Amino acid sequence: MSEALSSQKSESDVLVVHGGTPLSGALRVRGAKNLVSKAMVAALLGDSPSRLFDVPRIRDVEVVRGLLELHGVRVADGEDGELIFDPANVESANVDEINVHAGSSRIPILLCGPLLHRLGHAFIPDLGGCHIGPRPIDFHLQSLRQFGAQIEKTPQGLALTAPDGLRGTKLELPYPSVGATEQVLLTAVLAEGVTELRNAAVEPEIIDLICVLQKMGAIINVHTSRVIEIEGVPRLKGYVHRPVPDRIEAASWAAAALATGGEVNVIGAEQAAMTTFLNTFRSVGGDFEITDTRPPHDGRPGVEGGIRFWHPGGELKAVALETGVHPGFMTDWQQPLVVALTQARGLSIVHETVYEQRLGYTAALNAMGATIQTYRNCLGNTPCRFGRRNFHHSAVIAGPSKLHAADLVIPDLRAGFSHLIAALAAEGTSRVYGVELINRGYEDFEAKLAALGASVERP
Ligand SMILES: CC(=O)N[C@H]1[C@@H](OP(=O)(O)OP(=O)(O)OC[C@H]2O[C@@H](n3ccc(=O)[nH]c3=O)[C@H](O)[C@@H]2O)O[C@H](CO)[C@@H](O)[C@@H]1O
Ligand SMILES: C=C(OP(=O)(O)O)C(=O)O
């Protein structure tokens, strides 16, 4: 379902949640949604097949797979989450067929560079993704134009051509956008000459995409101070890659453990990309234990690492946090964690600096008994781009609040997961509508909930 359609209550897409039981148990996270989908796009750039392991069964992966197949890429399933991409016969796709995926995901915009390299033209449907601000694509379009692309906005979507090919260029992003950085990487690797990107995003998923591209034959230097330099090469081959684990999913389950007073062992979660989250989790009063992965040795079996998160008892503490680009506190961690902050004693402050409208979901938490007030002001250390404008992008959360059950309609992916956590933490039976949206980023979340002892059912 598109997030645009999510405001209605559909009885066929509702989860009944009997709250009040602490979550307890283990689950495994696979490759990160925000890397896997981009690595799939990168497979278009190779002249031989690519293999990607540990791909989660989530909606964004289905959308990108559909788009690749429409463009002639043969996609096959290997064992246990492996996908194999054969880009030998990349071809133009029918606009109406492409538009079946309109409004489903943000990834289609990243097909621009690879399709321009492979076909000399590209058609991009309207984008989807979470409704957390206007999410313009001006940085993407400006960068593509600098590489030599010509872009026409049509009623069906974007039509691009590159009559003189794509050439390396010097770029500086006005803000370290994840998507625009990926756009530049995926375009520059096969462009003629050198590209220098300043003010680039350096999220772990971007570094992992750089690893994928390097395996394919690209030459990419990441300098300090957000500068990335890419030396274009004439051809790239396929890759074999195991993606970074999903640190957003891992943090979401950690927040669920804290909010319900339980314990969740997230197998596959890695410390390095989560240190900022872990510091905040500890400051709030949560506890965690990290197990490193160990290969089999001397006849002893190996251990798959992970992070076990739990509520150690006693009161949670209020914190002040500000979301930001890496290595800051990820904006995608914000919504799930705020549910736990409703249980902390005192006033917590959240300053959302990445998206201007990512606090709308707090109204539903207030309807369940939380006390959250949102503000237009920047309630943080650093004034952000949204200060003194008409955006409620700061929140004060007064706690602890006893949450009670409610009927909830999921507005988007992470807000949806936060609604779910709130329903699990609340006393009584909630009906959570629109849960299908959660499948866009959380693999098998209903089975995982059941494994953690949650009392949830489809009516
Ligand atoms: C699929 C995926 O990987 N999604 C992630 C990606 O989204 P996405 O790549 O869309 O996010 P960006 O980093 O590009 O957006 C950050 C900010 O830049 C603005 N902006 C962006 C591009 C542009 O052309 N013009 C512009 O103004 C956006 O409106 C937003 O305010 O990074 C976000 C920030 O870590 C995460 O929350 C998303 O989960
Ligand atoms: C904002 C998110 O994703 P997307 O960019 O796909 O909407 C997210 O994963 O929280």
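Me: Which residue takes a positive phi just after α2?
Reply: That's Gly 72, with a phi of about 90 degrees. Helices here are DSSP H or I runs of at least four residues, strands are E runs of at least two, and both are numbered from the N terminus. This is a predicted model, where local features need pLDDT of at least 70, side-chain atom pairs count only at pLDDT 80 or more, and totals for chains, interfaces and linings use all residues. Residues are numbered from 1 along each chain as its sequence is written, while chains are lettered from A and ligands numbered from 1 in the order in which they are written.

Me: Thanks! How many residues does helix α2 have, and how far does it reach?
Reply: Helix α2 covers residues 59-70, 12 residues in total, and spans 17 Å from first to last C-alpha. That is close to the 16 Å expected at 1.5 Å a residue (1.5 Å times one less than the number of residues).

Me: And which residues of α2 are buried?
Reply: Arg 59, Asp 60, Val 61, Val 63, Val 64, Leu 67 and Leu 68. Buried means 20 or more other C-beta atoms within 10 Å of the residue's own, exposed 12 or fewer, partly exposed in between, with C-beta atoms placed from the backbone.

Me: What covers them?
Reply: The cover includes α1, β4 (74-77), β5 (83-86) and α3 (95-98).

Me: Switching topic: what does UniProt list as "binding site"?
Reply: The unreviewed UniProt entry lists Lys 33 and Asn 34; such annotations may be inferred rather than shown by experiment.

Me: Is Lys 33 buried or exposed?
Reply: Lys 33 is buried, because 27 other C-beta atoms lie within 10 Å. Asn 34 is buried as well, with 27 of them. Leaving out residues up to four places away in sequence, Lys 33 touches Pro 56, Ile 58, Asp 60, Asp 246 and Gly 441 (contact means C-beta atoms, placed from the backbone, within 7 Å).

Me: Which residues come nearest to ligand 1?
Reply: Of the 19 around ligand 1, Asn 34, Phe 139, Ser 177, Val 178 and Gly 179 come nearest (around means a C-beta, placed from the backbone, within 6 Å). Elements giving two or more residues to that shell are α5 (138-147), α6 (178-188) and α10 (331-341).

Me: Which domains does the shell draw on?
Reply: At least three residues come from each of domain 1 (3-29 + 245-457) and domain 2 (33-241), with bounds from an automatic or database assignment. The domain centres, over C-alpha atoms, are 29 Å apart.

Technical notes:
Two residues are in contact if their C-beta atoms, placed from the backbone, lie within 7 Å.
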